[in-house]
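Open your viewer and load the model. We will walk through it one selection at a time.

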Amino acid sequence: MIGSMDLARLQPQLFEDFKNILQSDRMNHAYLFSGNFASFDMALYLAKSRFCEDLQNHLPCGNCRTCRLIAAGEFSDVRVIEPQGQVIKTETIKEAMRNFSRSGYEGASQVFIIKDCEKMHINAANSLLKFIEEPQSDSYIILLTSDDNKVLPTIKSRTQIFRFPKQLELLVRAAEKEGFLKDQAQLLAEVAKDFEHLKQLMQTKKLVDAIPICQRFVLTLIRDRQLAYLGVAKLAVLLTEKNEQDIAFQWLALLLSKNTSNPNRMTDLDKVYRAHQMWKSNVSFQNVLEYMVIS
Ligand SMILES: [Zn+2]
């Protein structure tokens, strides 16, 4: 679990901002956090500030029983909602809002954290809006999303938005610490959303194996078509899942954009872009890679 020391390291600017907000007692009733990098940890930090038994100058201690229960997800007045499958059901939000207003009238504080809030059904979002517009005095909603462009405008206009930038260098260093070479660590970090995701990527052997193949593919694309075809065949056998194939496209684009010695860099980048689009409209991974080599 990430503590406040880590928040200061992972999001130094935002951590300062929120410390100021808490210390001047200006916490809003509804926030939208865009970007995955330590945003859930910041949401928990804000939640702790509402319940901590040992506040230090308005900031949560992180050590008392309540702070630890919140960190463990076991504190009943801090509720975390996340999608089941691809959607957050309307009933889930409605039920939570019912409990919410009940306790609000009783004067107890409540914090409601919704992960991947762009996956709320529009009806769910509407139930939530009613609450955001007439907040109970001591209740708070923190919405999390990887990308606020996907969030309904009605929600965005009624929340205060904070963006959580990815700290690429920290991810690169974490991958290097696990034994990856600089250029491979860089590629892993570029596609990782956060530390948890990076760890997953590093443990997925076929993705790790795909890195040198992508690196060679980009070189052979320029110098040797026969070898490039070989690379296509290897990638197609190795990367069978959609999400893995998506990462391969990102790597190819990154590698091409960095290869400044390639005189056809822009054309090749354009080919990757078009191949990626074709793949998104359901042409097979192998076919679009072959198209890149031929064209
Ligand atoms: Zn505490």
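**Before you start.** This is a predicted model, in which local features need pLDDT of at least 70 and side-chain atom pairs count only at pLDDT 80 or more, while totals for chains, interfaces and linings use all residues. Residues are numbered from 1 along each chain as its sequence is written, and side-chain values use heavy atoms, with hydrogens and water left out.

**Stop 1: the whole chain.** Show the protein chain as a cartoon. The C-alpha atoms fill a box of roughly 75 × 40 × 30 Å along the principal axes. Of the 295 residues, 46% count as buried. Buried means under 20% relative accessible area, with a 1.4 Å probe and protein chains only.

**Stop 2: the zinc ion.** Which residues hold the protein donors of the zinc ion? Select C52, C61, C64 and C67; their SG atoms lie 2.3 to 2.4 Å from the zinc ion. Donors are N, O and S atoms within 2.8 Å of the metal (3.2 Å for Na, K and Ca). In sequence the spacing is C-x8-C-x2-C-x2-C. The four donor atoms subtend angles of 102 to 120°, so the arrangement is tetrahedral (four donors, all angles between 85 and 135 degrees). Now pick C52: this residue is buried, at 10% relative accessible area.

**Stop 3: the largest pocket.** Its volume is about 1500 Å³. A pocket is an open set of points on a 1 Å grid over the protein atoms alone, where a 1.4 Å probe fits, with protein on both sides within 12 Å along at least five of seven lines; lining residues have an atom within 4 Å of a point. The volume is the space filled by probe spheres set on the points. Select K193, D194, F195, E196 and H197, the closest to the centre among the 49 lining residues. Next, colour α10 (195–203). α10 gives the most to the lining, with eight residues.

**Stop 4: the rings.** The structure holds 12 aromatic pairs. Select Y31 and F33: their ring centres are 6.0 Å apart and their planes at 35°, so the pair is tilted. Rings of Phe, Tyr and Trp (its six-membered ring) pair if their centres lie within 6.5 Å; planes under 30 degrees apart are stacked, over 60 edge-to-face, and the rest tilted. Both Y31 and F33 are buried.

Methods. Four donors count as tetrahedral if all angles lie between 85 and 135 degrees; four count as square planar and six as octahedral if opposite donors are over 155 degrees apart and all others between 65 and 115; anything else is irregular. Buried means under 20% relative accessible area, exposed over 50%, partly exposed in between (1.4 Å probe, protein chains only). Helices (H or I, at least four residues) and strands (E, at least two) are DSSP runs, numbered from the N terminus.
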